[in-house]
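Here is a short report on core packing and helix contacts. The sequence and structure come first.

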Amino acid sequence: MKKINVEKLEEYGFPRKVVDILLDRGIKELNPIQSLAIEKGLLENRNIVATAPTASGKTLIGELALIRHILRREIGVYLVPLRALASEKYEEFKIWEKLGLRIGISTGDYESPGEYLGRYDIIVATYERFDSLLRLNPSWIKRIGCVVVDELHLIGDPERGPVLEMILARLLEDDIQIVGLSATIGNPHELAEWLRAELVDLPWRPVGLIEGVYDRRTKTIVFYHNGVREGVRHRLGHPALSIALQSIERGMQVLVFVNNRRKTEEWALSLADHMKLLAHMIDRGRMGELIEMLKDSPSRNERETLSYLIRHGVAYHHAGLSSVARRVVEKGFRDRVIRAVFATPTLAAGVNLPARRVLVFTKRYDPRSRRMRGIPVFEYKQMAGRAGRPQYDPYGEAVIYDASSLNEGLKYVRGRLEPVISALGSDRSLRIHVLSLIATGRANTIDEIIKVFSKTLFHRQYGSIHGLKYRLEDIIRSLAEWDMVTWSRGRLQATSLGRTTTVTYLDPLSVKIFRENLPVNGLPGVLWILHIITMTPDYRRSRPYIPFKLIEKYEWEARSLAEDGVIPEPDRLEEYEYYYVWLQGYVHAKMLSDWINELKEDDISEEYGVGPGDIYSARDTASWISGSLSHIAKTLGLHRLSRELEKLSMRLEYGVREDALQLVELEGIGRVRARTLINNGIRTLKDLAKTPREKLLKLPGFGPRIVDSIYDQLRSRGII
Ligand SMILES: Nc1ncnc2c1ncn2[C@@H]1O[C@H](COP(=O)(O)OP(=O)(O)OP(=O)(O)O)[C@@H](O)[C@H]1O
Ligand SMILES: [Mg+2]
């Protein structure tokens, strides 16, 4: 297999400095897929679809393409599905600053026009943020030379896929190089053809992978590729735990994927009980460092549980963790202080957390059918692919721990990846993207919309223009009914409401729900507004999970508040699904209301059964929706409501009552410090400027560093 020496990159037109940076990173030669990508025209502006197993070095394929364009004074964009992944890539790409490149990141804040991003050479963004930028069309969009799409298989994801697909359809119209990267595409030829790309498809991995299945009957792990069998001694409640313990005893680090978030904590705790005998394996000094870092976590439960676990060399990892805790766990695992991590696959799949042995599930509870169902092969492969650390392990091992029989497990090991199927056909994505095409002026007739859709994978896979035309007509009729477009004599035009909706990035249905739930007269109260927000599809699709039992508990409270006119009425009582959306919305609204009334994160966590990370993500979503609805209200001429929504958006962001909004503007002052100041009679920035240094230093949480920074900020604002 051909491998290009990095020294040779100079011959491909890269300056010497690029070679030096790569050598610094320990990269001496390009690995087989990287080399093949170059052979297939990566550096000659060809579109590329590269599919190769996890950890095979696909990122560098993207980086090389981006750098080549930047050397010609163009802008390069790197797209990822998750914010957490965006910051990881951003940190990784900072190494190119040595070459004089400027690296930027953009993940939130959809309606901000992003003109400033034009000063960067590489922009790392989430799919959604980039899509919103394309709608806003800042001047630098024309300077983009190359877009790299990481995790390209997500085109098939019902949530994230349609946005990505529309981005790619748009890029295909322009002369922009597209580089798609993925580990798990069952139909790479089809995707490459669609993107007019060369396919770079190699099963090569830097470390070997051996996959095995735990056989319940014989209590052994059977490894498929080399026939090795390993007996498992049963000591803990679940085979996954016994296998984990046994692996640690044999000196391995283990990553255990778990299909349910609560179980990650439970299992970590049970394993910790059995780790006492292994205490000698853990580096005390480094452990102390991690526990020190954890003190910054906003949640008592997290601090206590995780530091207990880390003392035993164990941890858990899921989206409910605060970002501090997530960093601690990732670092602890990389430094080998933590021997076992129990993780849900969502985040761990993107984050680089390789382990010698990975334990994998293949079934997950399906709420629709109310039973356990097999996961797709590609999800299994994403998890299994985490096994093996390139510099340390001769090979990695992935073990399925929940198969009912050996054969059931082998179906995954030998399984073929599913083809990636477009998810653009859902009503939700059609209405969002159709409105956006009309509002941005890219299409003014049905035929023009069809022309754009003809560039999509959706069109390739479904083909029928007729069927599509009917669907589009339906969608347009709804948009017209909701006052977002006008449709006369075949010409489509967005109303100002339609344009604002597109720019704010809201689902048109959210705007409709907002309008129909406003009180007949007067201004709605804060709880009322929060309740509307939590009933929108934009909130619901990323809302944290609150257990059903807790939701039910609030039913009578919600109904009596509705009767008293404090929250909207559940007008379609007879439809259970609608009623439940309303009730669930109420409980989420109440949680957010606790947050902006400065209840402690711990108390909120406890009351609603959510983690600190959940509170933050609910806050982010709600704050964005509130800010967006503020623009909508303004467009509708509801100016007072618009100002209320704007204020609420800020309160949600910081988790404060109204009187603290001025103070939290300062960096370093969050909800807790702001309240301390107010309780001490310091209510405004001016009050703060008048407060003597010694007095500030006496307040809890105000050390010399923070106080200096406060004065600096006041000075730069001209208040001192
Ligand atoms: N040519 C190379 N030589 C040595 N190490 C390399 C080379 N290319 C990449 N690496 C290293 O391999 C590791 C994995 O690379 P990368 O994150 O790009 O994997 P990936 O293919 O994107 O995997 P995933 O599908 O999990 O996202 C990184 O630590 C990277 O620095
Ligand atoms: Mg990758």
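Leu168 touches Val149, Leu152, Ile155, Ile178, Trp194 and Leu195, leaving aside residues up to four places away in sequence. Contact here means heavy atoms within 4.5 Å. The model is predicted: local features need pLDDT of at least 70, side-chain atom pairs count only at pLDDT 80 or more, and totals for chains, interfaces and linings use all residues. Residues are numbered from 1 along each chain as its sequence is written, and side-chain values use heavy atoms, without hydrogens and water.

**Cores**

The largest nonpolar core has 111 residues, and Leu168, Ile449 and Phe453 touch the most other members. Helix H26 (residues 576-596) gives the most to this core, with twelve residues. A separate second core holds 67 residues, among them Leu236, Ile248, Phe257 and Leu410. A nonpolar core is a set of buried Ala, Val, Leu, Ile, Met, Phe, Trp, Tyr and Cys residues joined through side-chain atoms within 4.5 Å. Buried means under 20% relative accessible area, exposed over 50%, and partly exposed in between (1.4 Å probe, protein chains only). Helices are DSSP runs (H or I, at least four residues), numbered from the N terminus.

**Helix pairs**

Axes are lines fitted to C-alpha atoms over the stretch in contact, with angles from 0 to 180 degrees between N-to-C directions.

| Pair | Axes come within | Crossing angle |
|---|---|---|
| H17 (residues 446-453) and H19 (residues 465-481) | 11 Å | roughly 120 degrees |
| H26 and H28 (residues 612-635) | 11 Å | roughly 95 degrees |

The angle makes H26 roughly perpendicular to H28. Angles of 65 to 115 degrees count as roughly perpendicular, under 35 as roughly parallel, over 145 as roughly antiparallel, and the rest as oblique. Met591, Leu592 and Trp595 of H26 meet Ile615, Tyr616, Ala618, Arg619 and Ala622 of H28. By class, that contact has seven nonpolar residues, no polar and one charged. Ala, Val, Leu, Ile, Met, Phe, Trp, Tyr, Cys and Pro count as nonpolar, Asp, Glu, Lys and Arg as charged, and the others, Gly among them, as polar.

In H17, Ile446, Asp447, Ile449, Ile450 and Phe453 meet Ile465, Leu468, Lys469, Leu472, Glu473 and Ile476 of H19. This contact of H17 with H19 has eight nonpolar, no polar and three charged residues.

**Helix H5**

Nine of the ten residues of H5 (residues 127-136) are buried. The buried set includes Glu128, Arg129, Asp131 and Arg135. Just after H5, Asn137 takes a positive phi of about 55 degrees.

Technical notes. Chains are lettered from A and ligands numbered from 1 in the order in which they are written. Helices (H or I, at least four residues) and strands (E, at least two) are DSSP runs, numbered from the N terminus.
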